[in-house]
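Please keep the sequence and the model at hand while reading.

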Amino acid sequence: KPIVAIVGRPNVGKSTLFNQIGKKRVSIVEDFPGVTRDRIYMDAEWLDKKFTMIDTGGIELESQDTILSSIRVQAQLAIDEADVIVFLTDGRAGVTNADAEIARILRNARKPVILAVNKIDTQKQQMDVYEFYNLGLGDPIPIAAANSLNMGDLLDKVVESFSAIEAIVEDPDEIHIAVIGRPNVGKSSLVNAMLGQDRVIVSNVPGTTRDAIDTHFVKDNIKYTLIDTAGMRRKAKIDEPIERYSVIRSLRAVDRSDVVLMLISAPDGVTEQDKKIAGYAHESGKGCVLVVNKWDLMEKDSKTPLRFTEDLRDELGFLQYAPVIYISALTRQRVHRMPDLVKYVAEQQAMRIQTSVLNQLIMDALSVNPPPAHKGKQLKIYFMTQADVKPPKFIIFVNDPELMHFSYLRFIENKLRESFGFEGTPLKLIVKGRK
Ligand code: GDP
């Protein structure tokens, strides 16, 4: 999904515009301490085109920063992270110095910039718009965000600009890995440990217009790609405002991945944000490995991993299928096992089971545990077939889908896993009626 950022100096109406365009706020709560605005982005849609919007107004900078310097940071962040930038100005205030400064930065961005002039509620004010041609960003679009005036024109422009965004073409032979987890969980350390340990062939290919940097390596003739390691390989102290984009970065990495390495810090356990991102990986049908890092910091006895795994299973109930590995990116304990584990999960995800084998499984399952009657009617299962891989998708043909109970589907899923494994991958089970 393309990312659209709204930038502009304070009080031009960014939040109003944001709220007018957005449908529902994405409820990922950030775990950063001291964050007052917890929601900075949301999903939106126009003419069937979906996009994610960032309200850069949600980025509050240190109080000692001047308005101008925070505006520069804001504009730069938008350039770095968004695909399309909406530059919002105030038609009543006219062109200010701060506007000129933002325009100067945005003119150098090699990304589409759409200039909108807000607070133009009357015909008479139309004249105020012409001044904004001076910013050198093309036709200014007059809007009145508070009254939703001309929002359609603005959104048309936004959506039109999406066609300029290059599609990312992935090599299907490579296993794409997204390393995700909250800041300081050890993503950079793990990436560097994986690359160091395996004496890999490393190359950095500047990916796309989005400046995502992927790192490629080969182990045992298998090609792997670590997605968007830009900030990880050369880890400097990343500024807070940039970290606030990390959720969006993570979601985008998940979209492009085959297997997600979900990092959890052993001393801290699972956070709300971990759950949200893991949930997104699950819904997206991605393979998943739960990587518990900083294991070196734990006081251990023989039961520690067992107890930790139990807690993980409780917290992340929907990820029962994900293997758990305990590592230390620092001491490199078990890091060498990561590539094989990723390869294993990728294979599980791509596994295809013959229809005849599946039907034997269904018959056995039915005889052990026939489905209970529902409202006096009996569910009949005719047959099951695998329709897709990555994730494996099964279609179960029945007399009446209404009669299929959730718990019975769960039972069939468990049978599939008992018989074939499918470790690390979600399964999609679809029930279809006759005809
Ligand atoms: P990122 O923000 O997720 O990329 O996290 P980093 O890789 O930058 O790690 C954050 C901090 O945790 C750094 O100080 C690391 O040295 C430390 N760290 C990472 N992995 C481990 C680990 O396995 N054990 C310990 N003790 N510290 C770790």
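## Cavities

How many cavities of 30 Å³ or more does the structure hold? The structure holds 2 cavities of 30 Å³ or more. A cavity is a set of points, on a 1 Å grid over the protein atoms alone, where a 1.4 Å probe fits but cannot get out, and its lining residues have an atom within 4 Å of a point. The volume is the space filled by probe spheres set on the points, with grid points joined across faces, edges and corners.

The second largest cavity has a volume of about 30 Å³. Its lining consists of V4, I6, I21, F51, M53, V86, L154, L155 and V158. Two or more of these residues come from each of β1 (3-7), β4 (49-55) and α4 (151-161), and α4 gives the largest share, 3 residues. Helices (H or I, at least four residues) and strands (E, at least two) are DSSP runs, numbered from the N terminus. By class, this lining has 9 nonpolar, no polar and no charged residues. Here Ala, Val, Leu, Ile, Met, Phe, Trp, Tyr, Cys and Pro count as nonpolar, Asp, Glu, Lys and Arg as charged, and the others, Gly among them, as polar.

## Basis of the model

The model is predicted: local features need pLDDT of at least 70, side-chain atom pairs count only at pLDDT 80 or more, and totals for chains, interfaces and linings use all residues. Residues are numbered from 1 along each chain as its sequence is written, and side-chain values use heavy atoms, with hydrogens and water left out.

## The ligand and its surroundings

The ligand has 16 residues around it, of which N184, K187, S188, S189 and D296 come nearest; a residue is near if one of its heavy atoms lies within 4 Å. By class, this shell has 5 nonpolar, 6 polar and 5 charged residues. Helix α5 (residues 187-197) supplies the largest share of the shell, 3 residues.

A backbone N or O atom of V185 is 3.3 Å from a ligand oxygen atom, and a polar backbone atom of G186 is 3.0 Å from an oxygen atom of the ligand. From N293, a side-chain N or O atom lies 3.0 Å from an oxygen atom of the ligand. The ligand exposes 580 Å² when taken alone, and the protein buries 79% of that. Such areas come from the Shrake-Rupley method with a 1.4 Å probe; for residues, only the protein chains shown count as cover.

S161 lies in helix α4 and is buried, with a relative accessible area of 11%. Buried means under 20% relative accessible area, exposed over 50%, and partly exposed in between (1.4 Å probe, protein chains only). A polar atom of the S161 side chain lies 2.5 Å from the backbone oxygen of V158.

L379, in the loop between α12 (355-368) and β15 (381-388), is also buried, at 5%. Its C-alpha atom is 6.7 Å from that of D400, 21 residues apart along the chain.

## Backbone features in loops

K390 and P391 are joined by a cis peptide bond, with omega about 0 degrees. P391 is placed in the loop between β15 and β16 (393-398). K390 has a positive phi of about 50 degrees although it is not a glycine, and is partly exposed, with a relative accessible area of 42%.

R332 has a phi near 70 degrees, a positive value in a residue other than glycine. R332 belongs to the loop between β14 (324-326) and α11 (338-349) and is partly exposed, at 36%.

Definitions and conventions:
Polar contact = N/O pair within 3.5 Å; in protein donor to acceptor, adjacent residues only side chain to side chain. 1 Å grid on protein atoms, 1.4 Å probe; cavity = no way out; pocket = protein on both sides within 12 Å on 5 of 7 lines; lining within 4 Å.
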